[in-house]
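Subject: Structure handover

Hello,

Here is the structure I promised to pass on. Please open it first, then read my notes below.

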Amino acid sequence: MPTLPDRLSPGSPYPLGATWDGLGVNFAVYSAHAERIDLCIFDETGRREIARYEMPEWTDEIWHGYLPHVRAGLLYGYRAHGPYEPARGHRFNPNKLLIDPYARGLHGETRWSDALFGYRVNSSRADLSFDRRDSAPAVPKSVVIDDSFNWGDDRSPDIPWEETVIYEAHVKGLTKLMEEVRVPERGTYAALGHPAVIAHLKRLGITSIELMPIHAILQDRFLQEKKLTNYWGYNTLSFFAPESRYMAKPGDQDELRIAIRELHAAGIEVILDVVYNHTAEGGELGPTLSWRGLDNASYYRLRPENPRHCINDTGTGNTVNLSNPRVLQMVMDSLRYWATSYRVDGFRFDLGVTLGREPHGFDPGAGFFDALRQDPVLQRKKLISEPWDIGPGGYQLGHHPPGFAEWNDRYRDSVRRYWREDPGLRPEMASRLTGSGDLFDRRARRPWASLNFIAAHDGYTVADITAYEEKHNEANGEDNRDGHSENYSRNWGAEGETDDETIRETRLRVMRSMLTTLFASLGTPMLLAGDEFGRSQGGNNNAYAQDNEISWIDWSKARSEEGEALTDYVARLIALRRTYPGLRSRRFLYGVDLAPGIKDIDWFDENASVPSPEDWDDAERRALTMRRARVKPDGRIEMVLFLMNASSSALDFRLPQPPAAWRLLIDSARPQEPEAPVEGETYGVSERSAVLLVAECEGGEE
């Protein structure tokens, strides 16, 4: 390392973060209430502080300075001076080394110690006390990063929303047990672009892979004490730095870029699950690692009547204060960074309601939404929200602004309940099958705004929905108290694994019927990784702490006869969705006449009669026929018929008028049955089965 100067030059307040210009590094960090900020420089091991500088300038509440003759790779951190007055929301403690909120890389791991806390942990005065121990030995160091990368001719696949099929996966869990991948690369960014991964996604017909959080995270102290791990990663320590645990080669951030470039070349988009609603610092009794020490009163929402305490709309202890323009800027800069430096194609926002909550409550016109929708880079990305949190008015499904898709838990629950034979589900299922227009058809939104799923990382897998009626989370060490108690599941006669062939066949049929429903529904389908071949988590519906075989995808299951058959079935479903636009309409359907006796959508009972209001209200009716129709460019009408029989008895479905040459596309009771003409005026649908048929007839005008 070259000889360091005695002091910093003023530098620039923009851009925020540490920016290497080839001659030196400009440092800029936001704090509205600090009285002084020190920049600490460390040796290459991160263990020894070799220089400390007082930031020379404070412009528009940005502290900044320039350090010449240093390069990318430099390790640093901040110390913030100011009042330690928790009752006023201020928690400055210069004894605590702070991670740069804009750090694009971190060196080292957090080592839990009482020194990480701004107060004396065992003091009777709790957080009103003041701790003087230096936290630097236990805190990761921020790294100056050179983001240059040769992207060549890379370009986003730019898949239209109505053609999108999402695959939710965990970076580590996806490939940790994949034998085709070299052992050192299994469970890493490098493995994401492996030919075996891409071949599997292409075989299925996946257009977009959604990665669970890859921002650098903090491992929870209470989990480490229980010898567990925060596997899911919803505990952000840096909004700009990729999580180092997923790097095959330590510090090689280009592994992720290479993987994204490989996925793009295969026509597959990459969507990131991002967590901007809270940070890893927890509530007011949490550690001081970054934002809390730099400006607690600015970065977090605090209780107005008692700023000592955080507002906890997230259930994690703190809530990021997006009402502050500089904090909002941090989030927007982070999103733009991932969109440009890593070229990701979209974002799924964890607890998206929190991001849209202003002091008066959730607002579809909140600053965060407005900023996203006008941003020239981000408005063109796929934007997905989890439309709930635990705060007041925290359930906002369907209330996000245009441009967003939303996770539709009503879809999830309705499909599960319908296929487990709950009564009275036909009206609800009709709404969910048609893109949930009752929720989303406003402000010119389209059916793709309904993000449809049966299973996601949080909850049962599709296989476990059919195998467990009670959660089995004992491995989490919380006496099975964690996780949802109501999963709308049914084990069909035995809890967990069984050798009973009748039960096994019923489970497989119900799984296929649910998956057929998913890909026959208007909206954007999302498949949980491994559900295509019946992956199980042993009934654990909250595997957030299970960095082991409970969560990792068992690819031997995929290679089994049963797994191969189910994978082929799912691939057929996705191919049908791609082939027949009637399975993925770009607009909501409300029964518009296309030709005599044919509307863009029609509903029938199994006897081909149109259900009366009394029929819809009959709670014991579990069979339903949906017909969608569209006018093709040649003027002919293409009709897709979806037959659903969730009852325990086989039924003969009469095919509705007008007569047509129907052809079988797929039958969940006969998964290997090829496409073939349907003879006669009826089709026999087995119990707990779903069937797709298609036909054409002379029609009207496009």
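A helix axis here is a line fitted to C-alpha atoms over the stretch in contact, and angles run from 0 to 180 degrees between N-to-C directions. Helices are DSSP runs (H or I, at least four residues), strands are runs of E of at least two, and both are numbered from the N terminus.

Two notes on the source. This is a predicted model, where local features need pLDDT of at least 70, side-chain atom pairs count only at pLDDT 80 or more, and totals for chains, interfaces and linings use all residues. Residues are numbered from 1 along each chain as its sequence is written, and side-chain values use heavy atoms, with hydrogens and water left out.

Helix packing

Two packed helices are described by the angle between their axes and the distance between the axes. Start with α10 and α11. They pack at about 135 degrees, with axes 10 Å apart. The pair is therefore oblique. That follows the cut-offs: under 35 degrees is roughly parallel, over 145 roughly antiparallel, 65 to 115 roughly perpendicular, and the rest oblique. Their crossing is left-handed. In a left-handed crossing the near helix is turned anticlockwise from the far one by less than a right angle; clockwise makes it right-handed.

Which residues in α10 meet α11? They are R410, Y411, S414, V415 and Y418, and their partners in α11 are E428, M429 and R432. By class, the contact of α10 with α11 holds 4 nonpolar, 1 polar and 3 charged residues. Nonpolar covers Ala, Val, Leu, Ile, Met, Phe, Trp, Tyr, Cys and Pro; charged covers Asp, Glu, Lys and Arg; the others, Gly among them, are polar. Contact means heavy atoms within 4.5 Å.

Now α10 (residues 409-419) with α14 (residues 501-520). Here the angle is about 140 degrees, and the axes are 10 Å apart. α10 and α14 are therefore oblique as well. α10 passes α14 in a right-handed crossing. From α10 come Y411, V415, R416 and W419; from α14 come V510, S513, M514, T517 and L518. The contact of α10 with α14 has 6 nonpolar, 2 polar and 1 charged residues.

Back to α11 (residues 426-433). This helix is mostly covered, with 6 of its 8 residues buried. Buried means under 20% relative accessible area, exposed means over 50%, and partly exposed lies in between (1.4 Å probe, protein chains only). The buried residues of α11 are R426, E428, M429, A430, R432 and L433. Just after α11, G435 has a positive phi of about 85 degrees.

Two loop residues

E179 sits in the loop between α1 (171-175) and α2 (189-192). Is E179 buried or exposed? It is exposed, because its relative accessibility is 56%. Leaving aside neighbours within four places in sequence, E179 contacts R186 and R559. E179 and S556 are 377 residues apart in sequence, yet 9.0 Å apart C-alpha to C-alpha.

L655 lies in the loop between β29 (651-654) and β30 (663-667). L655 is buried, at 7% relative accessible area. Not counting residues up to four places away, L655 touches A608, L641, W662, V678, G680, E681, T682, Y683 and L693. L655 and L518 are 137 residues apart along the chain, and their C-alpha atoms are separated by 22 Å.

Cysteines

A search of the whole structure finds 0 disulfides (pairs of cysteine sulfur atoms within 2.5 Å). C40 counts as buried at 0% relative accessibility. C310 counts as buried at 6%.

Best wishes
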